[in-house]
Amino acid sequence: GELSYKTDKMSVSIEQKKKDGITYFVCDIKLTDVSQLRTAFAGDDFRSGIYEAVSDIAGRYSPVLAINADFCRYHREGVIIRNGETLRKQNIKKHHLLIVDENGNLSAETDRSGKQGLVANRLEQANTWQTFEFGPVLVENGEACELPKNFYINCAEGYDNPRTAIGQKGPLHYIVIVVDGRRTGYSTGASIPQLQQLFLDEGAQFAFN
């Protein structure tokens, strides 16, 4: 039920767990530099328009761990910074913005009413390493966030789906939770409130769907 990988520069462990009809995987990740947290695109190009399985993309890079992200080539809006390079500065209202700063700390922008070109410029000047457009924010300062009632995905109880989310426990110490779903007798999937609780159970200080 557990896989692990460790060197003097990083450690990654993956543990399978079950709770309330949910089967999920908890990935504990400790890095020594933010540059170890990298992204890649289908077709190896932000502009490719190609769709690929995460496993196929990962096969070209041999990462220790690979997960899907925000499907940013599909929604075509917002602020996209990847591996320190700004790729998009489009206005958006419906998402939350996950930010990975130059030190590897996670935070989020939830008020998207301003001009996102100005947001992107500010993040560029701060040497932001990654951004992701999705959400909602689940945990901040070790406490459950109030979930949005009107969001582009349903955040209410009872809407169970497979989920992928990332959190932070400390400096360069991350937690990824992947929930399986839509498989009767194995895993129903999780609602957003259930996903939020999983991160609280694991001691996350910050978490983002």
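**The β4–β5 hairpin**

Trainee: Which residue in the hairpin of β4 and β5 takes a positive phi?
Mentor: N83, with phi near 50°. The hairpin has two residues between the strands. Keep in mind that this is a predicted model.

Trainee: How many bridges pair those strands, β4 and β5?
Mentor: Four, in the antiparallel sense. β4 covers residues 79–82 and β5 covers 85–89.

Trainee: And what stands opposite R82?
Mentor: E85, in β5.

Trainee: Switching to the open sheet. What's the strand order?
Mentor: β1-β2-β3-β12-β11-β13-β9-β10, eight strands with antiparallel pairing. The edges are β1 (2–6) and β10 (143–144), and each pairs on one side only.

Trainee: How many bridges between β11 and β12?
Mentor: Seven, antiparallel. β11 runs over residues 163–170 and β12 over 173–179. T164 stands opposite V178 in β12.

Trainee: New topic: E109. Where is its place?
Mentor: In strand β7, residues 106–109.

Trainee: Buried or exposed?
Mentor: E109 counts as buried, because its relative accessibility is 18% and the cut-off for buried is under 20%.

Trainee: What does the E109 side chain join in a polar contact?
Mentor: The side chain of R122, at 2.4 Å. Leaving aside neighbours within four places in sequence, E109 is also in contact with residues including H96, L97, I99 and V119.

Key
Residues numbered from 1 in each chain as written. Predicted model: local features only at pLDDT ≥ 70, side-chain atom pairs only at ≥ 80, totals over all residues. Heavy atoms only, no water. Pairing = 2+ DSSP bridges. Buried < 20%, exposed > 50% of the residue type's maximum accessible area, 1.4 Å probe, protein only. Polar contact = N/O pair within 3.5 Å; in protein donor to acceptor, adjacent residues only side chain to side chain. Contact = heavy atoms within 4.5 Å.
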